[in-house]
Amino acid sequence: MKDTLQNDLLLRAAWSQQTERPPVWMMRQAGRFMKEYWEIKNKYSFLEMCKTPEIAADVTMLPVDLLGIDGAILFSDILVTAEAMGGDLSFEQGVGPRFANPVRTVADMERLSVDCIDRLQYVADAIKVIQQRLDKSIPLIGFAGAPFTILSYLVEGASSKDFKRTKLMLNNEPELAHAILQKVADVTVEYLNMQIAAGVNAIQLFDSWALALSWNDYHEFSHHYNKYIISKLNRQDIPVISFCKGSSVFAPVMAEAKPDVISVDWNADLLNIKQALPANIAVQGNLDPFVLYADKKVIREKILQLFERMRGVDGFIFNLGHGIMPDIPFDNVKYAIEVVKEFRY
Ligand code: CP3
């Protein structure tokens, strides 16, 4: 598939091959900073949008058509796997995701289904519609949440600042945490392989909240499962991008799971991280998304500063260190992408 895309910059960078300029996409590029997103969102709930392939495809295509990015990302959410396993999931305006039935006991864990891939068929259907719309122009990135990040939502029942209940479970009932993590990992393998079979060109594994963990806990409760998942993917020519906030600390461990790309948050110097990794692992990142609130002159300077630092490095995908915030001006995002696309090494 990658050989036939009109623009395969992103895949070439993911394979650590030379590119004329860094490819660009942005986490949360299909989202609330676009008025066109709200025109759709005002008519449907977020989960309806995810579960209706035509609508998921419409939203996936917004940043492709309006911003001209080098990679599309499937419109969905990391929590759909947990919903398919039995989580009673809702997204409320201003509240974020909620599970009405948090998983906190052995009985709760036993109720989680692993035989649930049929309930995620709508994602495979969406991927097929999106690929028709993309018509071999740019790659489509599929994704899933990593087990630890999913565990944190299942246990807390919502977003959390300190992950207190989750950490209490890791400390007091590690066997229970492992049983949940293993179930999530098994579903995630099946889910990502379904996405690959449906036609995605790359995969990103989001372990957004691994930064909450100590070094040892990261190995035991996060890395172990991410490595398991990556080892079981039918990768063929599909690069795997591993993301966690905390990658500036955990990158050398993440590399042991053998992803093709590590997505780096903005705390780290990207070149230092890249040079410490095996040469065949590319990096993605790592602009502080808050830069996109600033004046255009500053946006340009900070992007070019990063590019100067990464000059001569094969295997670099430009992205933010985390997702675009909903109130970032659309014009600034568009401008940032223009700056990247005009650049030449
Ligand atoms: O990147 C993209 O544009 C593709 C779609 C995408 C969404 N969520 C859409 C979404 C992706 C890749 C995600 C991943 C996701 N979801 C992560 C990992 C990335 C990260 O940010 O660390 C996490 C932790 C979630 C869980 C989640 N989903 C939260 C915490 C929220 C709400 C809070 C918030 O402010 O982000 C969501 C809802 C969500 N997911 C929205 C979108 C566009 C907003 C829904 C709305 O319109 O209200």
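A: Two strands are said to pair if DSSP finds at least two bridges between them. Helices (H or I, at least four residues) and strands (E, at least two) are themselves DSSP runs, numbered from the N terminus. The model is predicted: local features need pLDDT of at least 70 and side-chain atom pairs count only at pLDDT 80 or more, while totals for chains, interfaces and linings use all residues. Residues are numbered from 1 along each chain as its sequence is written.

Q: What makes strand β4 (residues 140-145) a partner of β5?
A: β4 and β5 are joined by five bridges, again in the parallel sense. G142 is the residue that stands opposite I203 in β5.

Q: How do you know the order of the strands in the open sheet?
A: Seven strands, with parallel pairing, follow the order β1-β4-β5-β6-β7-β8-β9. The strands β1 (72-73) and β9 (316-320) each have a single partner, so one side of each is left without a neighbour in the sheet, and both stand at the edges. Further along the order, strand β7 (residues 261-263) pairs with strand β8 (residues 282-287) over three bridges in the parallel sense, and S263 stands opposite Q284 in β8.

Q: Which hand has the β-α-β unit made by β5, helix α11 (residues 215-231) and β6?
A: The unit is right-handed. By definition, this term applies if, with the strands pointing away from the viewer, the path from the first strand over the helix to the second runs clockwise.

Q: Why is Q29 called buried?
A: A residue is buried if 20 or more other C-beta atoms, placed from the backbone, lie within 10 Å of its own, exposed if 12 or fewer, and partly exposed in between. Q29 has 26 C-beta neighbours inside 10 Å and therefore counts as buried. Q29 lies in the loop between α1 (9-14) and α2 (35-41). With neighbours within four places in sequence set aside, Q29 is in contact (C-beta atoms, placed from the backbone, within 7 Å) with P63, L67, I69, I73 and I324.

Q: What makes helix α8 (residues 147-156) mostly covered?
A: In α8, 10 of 10 residues are buried, including L151, Y153 and L154. G157 follows α8 and has a positive phi, near 85°.

Q: How do you know the span expected of helix α10 (residues 174-198)?
A: The expected span is 1.5 Å times one less than the number of residues. α10 has 25 residues and reaches 36 Å from its first C-alpha to its last, close to the expected 36 Å. G199 follows α10, with a positive phi near 120°.

Q: What makes a set of residues a nonpolar core?
A: Its members are buried Ala, Val, Leu, Ile, Met, Phe, Trp, Tyr and Cys residues joined through C-beta atoms within 7 Å. The largest such core has 108 residues, and A14, L74, L151, L154, L181 and I203 touch the most other members. The largest share of this core, eight residues, comes from α10. Apart from neighbours within four places in sequence, the contacts of A14 include A202, P239, I241 and V261.

Methods: Contact = placed C-beta atoms within 7 Å.
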